[in-house]
Amino acid sequence: MTNNNKQEAGWQPPPRPDWVARINAEGRGMDIKSVVPLDENSLLEHARSNTGLSDFGDENWRDPFQVLVKSLDDEAELHLMGRLMARSELLALLEQRLKIEDAYKQNPEIEDVEIVRPLTIVGQGRCGSSALQNLLANDPDNNSLLHWQAYFPCPPPTAATYETDPRIELVHPRVTQISRITPEIESSHEFGATLPIETPHIHAFSFRSAAFFAAYNGGGIPSYVEYMQSQDGALPFEYEKRVLKLLQWKNPRRYWVLKSPSLLLQLSDYLKVFPDVALVWIHRDPVKALSSMVNHMGNVFSCRTDNPNFGEALKPFINAEAGSQMLNASIDVLESGIIPEKTLCNVLYSDFIKDAVKVAESIYDYFGLAMSDEARESMASYMRDYPRSLRPKHNYDLGDAEQVREEREAYRRYQAYFGVPDEV
């Protein structure tokens, strides 16, 4: 029987740029755990010192933070560049959490901000969800979670300076660093300060984001992933709402356009926090999406470690058996009636490729939303000005015919249920 675990089928990281290889080679001669500490006390001390603040808000962030940093230190096998990136990231998260909580303390009226019917895009990964989010973000009436806001939500953005905020220039080199370390990533995903980003990035302020931390730290943090599996699944979404309120406070729009592929595993918990959500599920041939995802995540993983570990956190997105179980479980949720009628709009990637603006119009129609002429023209201009052909082609291995056949069989129910056409 063919092995349908593509992460076990011999994926190898691409050669590193010389400058990265030299840094990591130097690190092999150092005590990098002492040079770049990831311990709790060092991180907290520097976050407090750098901000002059000490109140992290409620305490439900502390246990996952402690488990995370220990897992990173003991299990992740980070090289020197990886440890530098992890420490920088953890410090930024801690410092921003301090500032978020201080903003609420100084401005309690932020609590009164309402997040109304967010348009939230889901899908199994590599199914066009980023392209759809980018398109819908071009409606000037919509708010979308951009990289610069997700990295530095404080001070709260204002409508007057939204497009000229100095954090844009500060964040851009940070978010594009991954492209300089692993240039191959540019063929599978765009990074930039003013581009939309997935919501697990702001779950990270609660330190309750297994998908985020596993992806960006090489996958090898099993203790943290196992710990998170036992936790209240609604807590990350509660902090997500807290951050969105802050971002909307001085920069109001009609709706949020959000995206989270991992949400397919957490629909019930999400509805507890966002009961009026408008879900958009974009469907693509899962065999094609799986192969693309393995290559993409392998490149992300290898950014911080020489031993990328395709572990449990992202298994539903890089393993046909686990992926089909996730999609079938989502179908079961739909059939159970947990998701209210007219809460979910299904669209096909094949239709999106043919006419993206028409698909956007169908989403607005489904939810009874008005699309202005300005929004329609802005979306059309975006599609004209930023065609996929401007980026490098994403090359990846689909496997042999027997492997494709077995994966196709695993996804049979999903494709039949949503009418998803084969691409291979």
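Visitor: Is R117 buried, partly exposed or exposed?

Guide: R117 is partly exposed, with a relative accessible area of 26%. Here buried means under 20% relative accessible area, exposed means over 50%, and partly exposed lies in between, using a 1.4 Å probe and protein chains only.

Visitor: What kind of model is this, and how are residues numbered?

Guide: This is a predicted model, in which local features need pLDDT of at least 70 and side-chain atom pairs count only at pLDDT 80 or more, while totals for chains, interfaces and linings use all residues. Residues are numbered from 1 along each chain as its sequence is written, and side-chain values use heavy atoms, with hydrogens and water left out.

Visitor: Back to R117, then. Where is it found, and what is its phi?

Guide: R117 is found in the loop between helix 5 (80-106) and strand 1. Its phi is positive, about 40°, although R117 is not a glycine. Helices (H or I, at least four residues) and strands (E, at least two) are DSSP runs, numbered from the N terminus.

Visitor: Which other residue has a positive phi without being a glycine?

Guide: F207 has a positive phi, near 60°. F207 is placed in the loop between helix 10 (200-203) and helix 11 (210-216).

Visitor: Is F207 buried or exposed?

Guide: F207 counts as buried, at 0% relative accessibility.

Visitor: Where is there a cis peptide bond?

Guide: A cis peptide bond joins C154 and P155, with omega about 0°. P155 sits in the loop between helix 7 (147-151) and helix 8 (167-175).

Visitor: Let us turn to the whole protein. How many helices and strands are there?

Guide: The secondary structure comes to 22 helices and five strands.

Visitor: What is the radius of gyration?

Guide: The protein has a radius of gyration of 21 Å, which agrees with the value near 22 Å that a compact globule of 424 residues would have. The radius is taken over C-alpha atoms, and the globule rule is 2.2 Å times the number of residues to the power 0.38. Along its principal axes the C-alpha trace spans about 55 × 55 × 40 Å.

Visitor: How many of the residues count as buried?

Guide: Of the 424 residues, 57% count as buried.

Visitor: Now the strands. Which strands pair with strand 4?

Guide: Strand 1 (residues 119-122) is joined to strand 4 by four bridges, and the two run parallel. Strand 5 (residues 344-348) also pairs with strand 4 in the parallel sense, over five bridges. Two strands pair if DSSP finds at least two bridges between them.

Visitor: Which residues stand opposite each other there?

Guide: W281 in strand 4 is the bridge partner of V122, and A278 in strand 4 is the bridge partner of L119. Towards strand 5, V280 stands opposite C345.

Visitor: What is the other partner of strand 1?

Guide: Strand 1 pairs with strand 3 (residues 255-259) in the parallel sense, over three bridges. In this pairing L119 stands opposite V257.

Visitor: Are the faces of strands 1 and 4 covered or open?

Guide: Both faces of strand 1 are covered, with L119 and I121 buried on one side and T120 and V122 buried on the other. In strand 4 (residues 278-283), six of its six residues are buried. A278, V280 and I282 point one way from strand 4, and L279, W281 and H283 point the other way.

Visitor: What about helix 6: how many of its residues are buried?

Guide: Six of the eight residues of helix 6 (residues 129-136) are buried, so helix 6 is largely enclosed by the rest of the structure. The buried residues are S129, L132, Q133, N134, L135 and L136.

Visitor: What does M85 touch?

Guide: M85 also lies in helix 5, and M85 counts as buried at 11% relative accessibility. Leaving out residues up to four places away in sequence, M85 touches Q177, I181, C303 and R304. The C-alpha atoms of M85 and R174 are separated by 9.5 Å, and these residues are 89 residues apart along the chain.

How values were computed: Contact means heavy atoms within 4.5 Å.
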